[in-house]
Amino acid sequence: MTTNHYDVVIVGAGLAGLSSAAYLSSKGKKVAVLERGQLGGRAVTLKIKGFNFNFGAHAIYARDSSVLRTFEKELGLNIDWQDFNPTKAKYDIGSDLTAVPANVQGLFQTKLLKGMDKVLFTFEILKTMLKMEKGHPHMSIQKWMEKKQVNEEVREMMLTLASSNFFTREPEKIPSDVFFSYYSRLFTTNKPVSYIGGGWQALINEFVRVIEANQGTILIKTKVEKFQVENDRVVGVVTPEGEFTADEFICCIPPKEMAKVFAETRLEHAVAQHAEYEPTVVMVYDIGLKERIDVPFSYIYEKANNIFITDISYYDRTCVPEGGQLLQATAYMRQDEVGNKEAAEIRKQEIENLYDKHFPGWREQLVVPRVSARAIVQEIKWTMNQKPMPIFMPDYRNLFFAGDWCEGQGQLSELSFSSAMNVAKLILEKE
């Protein structure tokens, strides 16, 4: 049994683990990253028949104020940003298509709101931008809107927005303070949505490049069996390959995995609570086509069934062979649909119907489909009875947590990056 000592040991090589390792190693810390599987966690790019499929859209929201932009600048990351074109985004409202109100122009073009409702909705956006509305941590957005007697059309528009940004069919359950915190930032951004050329793999490669350039250690297929603790400190992690000791530790594995490695420690019960929480689950149905089907939009959202299709290859030409097209459909799931085979089949059929409606002829052009009936896009689902994990707990002061289930800024990958940055800064401030 060998022992290796580092300044910081990071367990888990998803976006949070890799970004915190890159940042800390760039600041002179001797870092080791331990990953039981492959790099990237859920941020994986899979190559099939010349198409690069991403496990989840490699979209970054509000990128001009994103923590990933901070990582990019401070670490010298090479990121091929492909910005979303709001004029190419449409809502399917049944018999018609209308503009997505992603900006002021889209707001005044959309048919979802009419006359005074547009004015009222614009007023709600303005109040959110100015942080005049902050919601309440003990009140869902549904209850908040009822209490404020928000107009029914405006209420529906706010829930439609929340559904698309929080990837849920149950937006009414989102805590109102989380809702307003998120939109106060998103409404003030100049780049609401951006994609990464080359997909998640391109970003993972950049973090790895920085870690290795700063003599960091990355070990894949290295399973952490347990955390070793003494009194109020973590002293090491045990793997089949040996024990890794460090001054500081960052745990970047989901709570369900944490429950095993923190058994019989002071954190056992606290972690168990978070391990029971429900993740945000969607169905993803990607199709690789041999020839492009040209349509006047790159994003279409069917409001009735909470399904959207993104033409990934419109923004990232590297993900397809020459002349090809990669479309990604995402269907939001209610909690009672998760794990239900009958419900999954219905959602799959609804997606195919949407492909038929807006991309006629796709079946004849199909090269490869990829269906994930139960794709986790975030390890925490925002409801009134679930809350994110703190980035540290008082039991062990040299142990930190980062990931999209932790406290931080934004949603989805932004939570991973922001929690990772906050943890890295706390460790550096100890000096």
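**Pockets, sheets and domains of the predicted model**

The largest pocket is lined by 50 residues, and those nearest its centre are G40, G41, R42, A43 and P254. On a 1 Å grid over the protein atoms alone, a pocket is an open set of points with protein on both sides within 12 Å along at least five of seven lines, a cavity is a set where a 1.4 Å probe fits but cannot get out, and lining residues have an atom within 4 Å of a point. The structure is a predicted model, in which local features need pLDDT of at least 70 and side-chain atom pairs count only at pLDDT 80 or more, while totals for chains, interfaces and linings use all residues. Residues are numbered from 1 along each chain as its sequence is written, and side-chain values use heavy atoms, with hydrogens and water left out.

The volume of the largest pocket is about 1,000 Å³, a volume being the space filled by probe spheres set on the points, with grid points joined across faces, edges and corners. Two or more lining residues come from each of α1 (15-26), β5 (59-61), α9 (255-261), β17 (325-332), β18 (366-378) and α14 (413-429). Helices (H or I, at least four residues) and strands (E, at least two) are DSSP runs, numbered from the N terminus. The most is given by β18, with 6 residues. The lining comprises 25 nonpolar, 15 polar and 10 charged residues; Ala, Val, Leu, Ile, Met, Phe, Trp, Tyr, Cys and Pro count as nonpolar, Asp, Glu, Lys and Arg as charged, and the others, Gly among them, as polar.

The protein chain is divided into domain 1 (4-79 + 198-277 + 383-430), domain 2 (115-188) and domain 3 (280-378), with bounds from an automatic or database domain assignment. Because domain 1 and domain 3 both give residues to the lining of the largest pocket, the pocket lies between them. The C-alpha centres of domain 2 and domain 3 are 27 Å apart. Their contact (heavy atoms within 4.5 Å) takes 9 residues from domain 2 and 17 residues from domain 3.

The whole structure holds 4 cavities of 30 Å³ or more. The second largest cavity has a volume of about 40 Å³ and is lined by P255, H274, Y277, E379, I380, K387, P388, M389 and W405. By class, this lining has 6 nonpolar, 1 polar and 2 charged residues.

Strands of a sheet pair through backbone hydrogen bonds, either parallel or antiparallel. Here two strands are taken to pair if DSSP finds at least two bridges between them. Strand β7 (residues 89-92) runs antiparallel to β8 and is joined to β8 by 3 bridges, and D92 has L97 of β8 as its bridge partner.

Strand β3 (residues 45-48) and strand β4 (residues 51-54) pair antiparallel over 4 bridges, with N54 in β4 as the bridge partner of T45. These strands form a hairpin with 2 residues between them, and K49 in the turn has a positive phi of about 50 degrees.
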